Amino acid sequence: MLQSTSRGIQISGAFIIISMSSVMIYWNSYQTKSADITIVNLTRQTTEISIKTCLKNPPSLVGHFVFHHFNGTLEDLNNKYQKYKPELGGKFKPLECQEREKLAIIIPYRDRQRHLMDFLSHMPPMLLRQRVEFTIFVIEQDPQEKFNRALMMNVGYLEALKQDNYSCFIFHDVDMYPINDNNIYKCSTSPRHLAVAVEKWKFRLPFRGYYGGVVAYPKAVIEKTNGFSNFYFGWGGEDDDLGARLAVVGLKFVRPAAVYGRYATPVHGKDKGNPVSKDRFRLLGNAKSRIWYDGLNSVVYNVSKIEKKKIYTHIHITVDRQKLEENVKLKNIELEMQHLKSSPINKQ
Ligand code: UD2
Ligand code: MN
């Protein structure tokens with residue numbers, strides 16, 4: 001017999017109390033109070049059956065799927081995704097199982113409304129087929145300064161952690177759309193470069209050390225590399241800098257097979273506020289020595305607005321380039337002083 005009450009279900013003398021994460025069965029250890037149930041003796045035999053954890057390759061995957069431009073509105077998407085019951089700010093959880101990893105997708109962003117709508121239309125269905133628990137964070141840099149993609153990645157990491165204890169971070173171009181759902185958006189202990197076969201590069205790597213587009217980092221790795229460099233204003237260089245940082249801490253990117261890591265990329269021009277960086281080769285030249293003072297530990301920015309939308313979180317950032325660069329230099333001096341103080345000659 002199965003009888004439902006407001007707090008639990010009774011099956012032939014046993015109660016099953018359903019909580020968010022587990023199912024507890026209390027055998028013969030109950031007392032009823034009219035329709036309500038009071039558990040009087042929890043010390044008797046208890047059995048816990050966990051709701052199943054999500055599989056890494058769930059049967060819901062379809063393999064190759066097509067990217068379509070989206071012509072609707074954000075409201076259309078809000079309605080479309082209502083059935084998944086995202087929490088405010090766009091936290092989606094798989095309904096079928098429990099996922100341990102919490103993923104933050106960080107999108108460095110400015111003035112790409114059309115690409116953003118395509119992204120918001122394309123990504124959640126795939127991520128839910130993959131049984132990923134995720135939130136999309138759009139980190140928008142205001143128009144004052146040249147665009148700085150890696151700086152927005154640092155900001156996204158720090159701001160996402162203020163919202164929840166995310167354990168996996170995927171830094172994602174807004175104009176890249178995965179087209180094979182076997183490219184799983186979860187972290188491993190190594191950092192992963194996911195954009196292996198990109199349409200704009202004729203579906204192959206342009207060069208071996210290419211780390212553009214989409215990278216997945218577990219939290220521990222971001223901390224190890226002190227995040228990303230703050231110095232790359234304008235287009236280019238910051239993606240090569242990631243590889244240099246990983247080399248310093250003895251890590252390498254791993255990649256999914258090219259048949260999985262496929263991305264559709266719309267053709268677009270260069271953005272006004274993001275001219276090719278003239279400093280990029282100079283910066284790359286000393287990328288390895290900057291890692292300890294140029295990154296998360298020296299970033300300076302101002303949050304002007306946080307918008308918790310129904311299906312994603314939009315954070316608006318202002319950057320004072322002079323202040324930021326001064327702070328990075330100060331951090332360098334501070335670390336050098338500490339180093340000198342702790343050197344054996346000063347300890348005598
Ligand atoms: C390549 C890399 C990209 C990055 C960039 C150099 C690929 C597929 N992507 O992209 O990862 O290394 O070179 O910086 O090879 N953005 C805005 N607004 C702007 C400018 C940039 O939102 O005004 C964001 C947006 O998320 C965009 C990303 O920055 O997808 C990269 O900028 P891009 O699309 O102009 O550069 P692209 O396609 O050459
Ligand atoms: Mn692009």
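Cys54 counts as buried at 13% relative accessibility, where buried means under 20% relative accessible area, exposed over 50% and partly exposed in between, with a 1.4 Å probe and protein chains only. This is a predicted model, so local features need pLDDT of at least 70 and side-chain atom pairs count only at pLDDT 80 or more, while totals for chains, interfaces and linings use all residues. Residues are numbered from 1 along each chain as its sequence is written, chains are lettered from A and ligands numbered from 1 in the order in which they are written, and side-chain values use heavy atoms, leaving out hydrogens and water.

The partner of Cys54 is Cys97, which is also buried, with a relative accessible area of 11%. Theirs is one of 2 disulfides in the structure, a disulfide being a pair of cysteine sulfur atoms within 2.5 Å. Here are both links:

| Pair | Sulfur atoms apart | About the S-S bond |
|---|---|---|
| Cys54 and Cys97 | 2.1 Å | 100 degrees |
| Cys168 and Cys187 | 2.1 Å | 80 degrees |

The link of Cys54 and Cys97 is right-handed. It joins distant parts of the chain, 43 residues apart: Cys54 lies in the loop between β7 (46–50) and α1 (74–81), and Cys97 in the loop between α1 and β8 (102–109). Helices (H or I, at least four residues) and strands (E, at least two) are DSSP runs, numbered from the N terminus.

The link of Cys168 and Cys187 is right-handed too. This pair also connects distant parts of the chain, 19 residues apart, with Cys168 in strand β10 (residues 168–172) and Cys187 in the loop between β11 (177–178) and β12 (192–193). Both Cys168 and Cys187 are buried.

Counting bonded cysteines along the chain, the disulfides follow the pattern 1-2, 3-4.
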